[in-house]
Amino acid sequence: MTMKLKLDENGNVVLQDGKPVYVQDDGKEIAFDAASTIQTISRLNGEAKSHRERAEAAEGRLDAFKGIEDPAAAAKALETVKNLDDKKLVDAGEVEKVKSEVSKGYQVQIDEARAQLAQANQNLASHMIGGNFARSKLIAEKLAVPADLVQARFGSAFKVEDGKVVAYGQDGNKIFSRSRPGEVADFDEALDHLIEQYPHKDHILKGSGASGGSSGGNGAGGGRHGAASLADCKTDAERVAYLDKVGNQ
């Protein structure tokens, strides 16, 4: 993808909020934030250095274990020696039995706590993602369908990671911002990208005038074929049925 500077009639670079405007191959205009890009590059370079240093430190620690071909056997031997040194029981094997019995008593509680935590995380993610759909300026200004139906169609593309809502494209990769290189797209920018890739986007955009095609000559009356267009739908249930119909065509 290439980008060209947008020039005015006098050949001067067009600025938006003090940032030069670029035009991409698909005609979209982006105000390029050079300062933010430099900060992002610096941050990524710092992260790369940190990863390299951790890898080098790990390799250094591994040098102490050279010659040990069976780490599991070595760990078991050390544990047995520890049990003997503790002198809690004469037979080191009895120590392992005691540990096993104690762990069984807590395992159920641990499993329950993990399940509750997983459910809490799932509820939090659902709340965060649903809130973004409900507050979306893009949905309110650009789409002809309510936020809950938009979430029903595109909600699975969004996840909560490190406390932030991020989106994934059809290729399975995160959707990154066009105006902030190196940063993930914010909610509305990511949703706009997903809508652009949606093959039936004309049926959900405001003022598109798309009818979706009438089936069986039923017109707006619906009948067994449903509404002839999204505008003919009177209830959310009819809108869902209509979007399901055009999505399967």
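**Salt bridges in close-up**

**View 1. E183 and its partner R43.** E183 is partly exposed, with a relative accessible area of 24%, in this model, which is predicted rather than determined by experiment. The side chain of E183 is joined to R43 by a salt bridge, in which the closest N and O atoms lie 3.0 Å apart. Because R43 belongs to helix α1 (residues 34–62) while E183 sits in the loop between β6 (164–167) and α6 (187–197), the pair ties together parts that are 140 residues apart in sequence. R43, for its part, counts as partly exposed, at 36% relative accessibility.

**View 2. K174 and E161.** Here the side chains of K174 and E161 meet in a salt bridge, with a distance of 3.2 Å from N to O. K174 is found in the loop between β6 and α6, and E161 in strand β5 (residues 158–161), so this contact ties together parts that are 13 residues apart in sequence. K174 is partly exposed, with a relative accessibility of 33%, and E161 is likewise partly exposed, at 25%.

**View 3. K201, E196 and the network around them.** K201 forms a salt bridge with E196, and the closest N and O atoms of the two are 3.0 Å apart. With a relative accessibility of 25%, K201 counts as partly exposed, while E196 is partly exposed with a relative accessible area of 32%. Both residues belong to a network of salt bridges that links K28, K142, D192, E196 and K201. For the model as a whole, the count comes to seven salt bridges, when a side-chain nitrogen of Lys or Arg must lie within 4 Å of a carboxyl oxygen of Asp or Glu.

Technical notes:
Residues numbered from 1 in each chain as written. Predicted model: local features only at pLDDT ≥ 70, side-chain atom pairs only at ≥ 80, totals over all residues. Heavy atoms only, no water. Helix = DSSP H or I, 4+ residues; strand = E, 2+ residues; numbered from the N terminus. Buried < 20%, exposed > 50% of the residue type's maximum accessible area, 1.4 Å probe, protein only.
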